Amino acid sequence: SQAGINTSGANAGVTPMLRRLLPAFRVLLAQRYSRCRTATEAFLQRSVPGSSRRWDKADTKGVSASKSQDFAAWYTQVITRAEMIEYHDISGCYILRPWSFFIWEEISRWLDAGIKELGVENAYFPCFVSQEMLEAEQTHLEGFAPEVAWVTKSGTSQLQKPIALRPTSETIMYPYFAKWIRSHRDLPLKINQWANIVRWEFRQPTPFLRSREFLWQEGHTAHRSESEALQMVEAALELYARAYSELLAVPVIKGMKSEEEKFAGSVHSQTLEVFIPETGRGIQAATSHLLGQRFAEMFNIQFEDDLGQKHYVHQTSWGMTTRCLGISIMVHGDDKGLVLPPRVAPIQVILIPIASRKSADSGAESKCHELAQLLKAQGIRAQVDDRQNYTAGWKFNWWELKGVPLRLEVGPQDMARKSCCLVRRLEGARKDVPQSDVLSAVTAELGKIHSDMLAKATKERDDGIKQVTHWSEVMPLLKQKKLILAPWCETAESEIQIKHRTKEAMEDGAALTGAMKSLCIPSDQPMLAGSQCFFTGAPAKRWGLFGRSY
């Protein structure tokens, strides 16, 4: 009955002994049916790329939402079912599970080494900032005021003065910069901090993308001249761009933020922007700010030159957060789950022995362990899934959901041929490899997967950016989920009006929502000579990249 087969007619003529055996037989039949169902589902998943078919709608092991049709549901399923995130009981706060935290550790190690190569030293400052210090730079505070979380009580006692949890660390660090810097010999001062940040977001918190607490690194430097400070800003941004392309296989667009979008209190902000094709939105991936002398004047950070003259320092700040994990998931993931870049994947190769039906031990399992040790000895993160309570098909689906770049299958026929099957997570391509060549084949394949992921994402980004010269071209392209590259006069008033006009148009019966805003002034500029602003018709200063954003 559990198998959905009617056995009532067969019960009438059986002997009492058979009646006693019948319950055990039904259990056995149900178990065989379950295994058959699992194997059939695995076959469907392998045979139909992107298939989200499930036998049981209550099953929560795989991804049922489509990335192209229901992006929000897909993203939630992927990050939870692939064990990247667990929801905390405080809204907007999330637990980074080992699978995601390993990726952040890999990024952190790579960044930390690069930051130190720039002559920057690590330090740590308290997470608390007094109200006086936070309010010292009013323009800076206005940019964060709605998001500042305040500590007002100690036990049952009210604090005499509230204390803020850092939304960023300029006002925490800079009083001590003023204490440590006296002479030109104390410059440049370059400090980096790995820390958590609290910003009490109310705009639909989303794991990795917009949360009330997140992890990041923040660099803060002080220099003798603006040119030195600008070099630091550009060096930090280049390091971030390399992290995205070399670790995460994500292409970025370098540029400058507009006056409306720049970091509060800065002279200018340089940014990396990423395009998410399925939603047609841009997302800020990292920023680097030229702060100028504004904070130096506020906190009296001065140095004495070799002639005894006092000057205010020129400062920078720059940071990259755990948002990079969410960006990578959105850019690379598919309807089967995560697609992890090999250089940050917790497991780069999963080895799965396939049991023989005829023999209890074909040697496949021991061969998998032997090959795994060979790979590990060369620094490749390999693991054998030799669990006996799951079928090979179930394991294939599980590790595809987790995004492991390469799967290595070894079955009885492979043992007979002294080969194994390599399967790429990216597009499911399979090829047989001699067991003696596994190390070289895996090494080459991991490098090729990274290159192919970056090339695929770059093509999708380039296809998603359209040049326009007239306002009439904008809305049709926005509704096609494109970003807009257009000549722009760069006035604050035009930017405000662009947001207002596009928001109204998007809300007027459109399937998509959200206003268009300036994402950046790209560093790579097309020819501009004689161009007029696509919105106002005034002379254009530079090409601007516009789009809906996160």
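Residues with a relative accessible area under 20% are termed buried, those over 50% exposed, and those in between partly exposed. By this criterion arginine 542, at 34% relative accessibility, counts as partly exposed. All views show a predicted model.

**View 1. Glutamate 490 and arginine 542 form a salt bridge.** The closest N and O atoms of the pair are 2.8 Å apart. Glutamate 490 lies in the loop between strand S21 (483-488) and helix H16 (492-507), whereas arginine 542 belongs to strand S23 (residues 542-549), 52 residues away. Glutamate 490 is partly exposed, because its relative accessibility is 21%.

**View 2. Lysine 67 meets glutamate 278 in a salt bridge.** The N to O distance is 3.6 Å. Lysine 67 is buried at a relative accessible area of 5%, while glutamate 278 is partly exposed at 22%.

**View 3. Arginine 425 is joined to aspartate 334 by a salt bridge.** Their closest N and O atoms lie 2.6 Å apart. Arginine 425 is buried, with a relative accessible area of 7%; aspartate 334, at 21%, is partly exposed.

**View 4. Three strands form an open antiparallel sheet in the order S4-S6-S5.** Strands S4 (128-130) and S5 (149-154) are the edge strands, each pairing on one side only. S5 and S6 (residues 157-165) are paired over five bridges, and lysine 153 has glutamine 158 in S6 as its bridge partner. Two residues separate S5 from S6 in a hairpin, where glycine 155 in the turn has a positive phi of about 65°.

Notes:
Residues are numbered from 1 along each chain as its sequence is written. This is a predicted model: local features need pLDDT of at least 70, side-chain atom pairs count only at pLDDT 80 or more; totals for chains, interfaces and linings use all residues. Side-chain values use heavy atoms; hydrogens and water are left out. Two strands pair if DSSP finds at least two bridges between them. Helices (H or I, at least four residues) and strands (E, at least two) are DSSP runs, numbered from the N terminus. A salt bridge is a side-chain nitrogen of Lys or Arg within 4 Å of a carboxyl oxygen of Asp or Glu. Buried means under 20% relative accessible area, exposed over 50%, partly exposed in between (1.4 Å probe, protein chains only).
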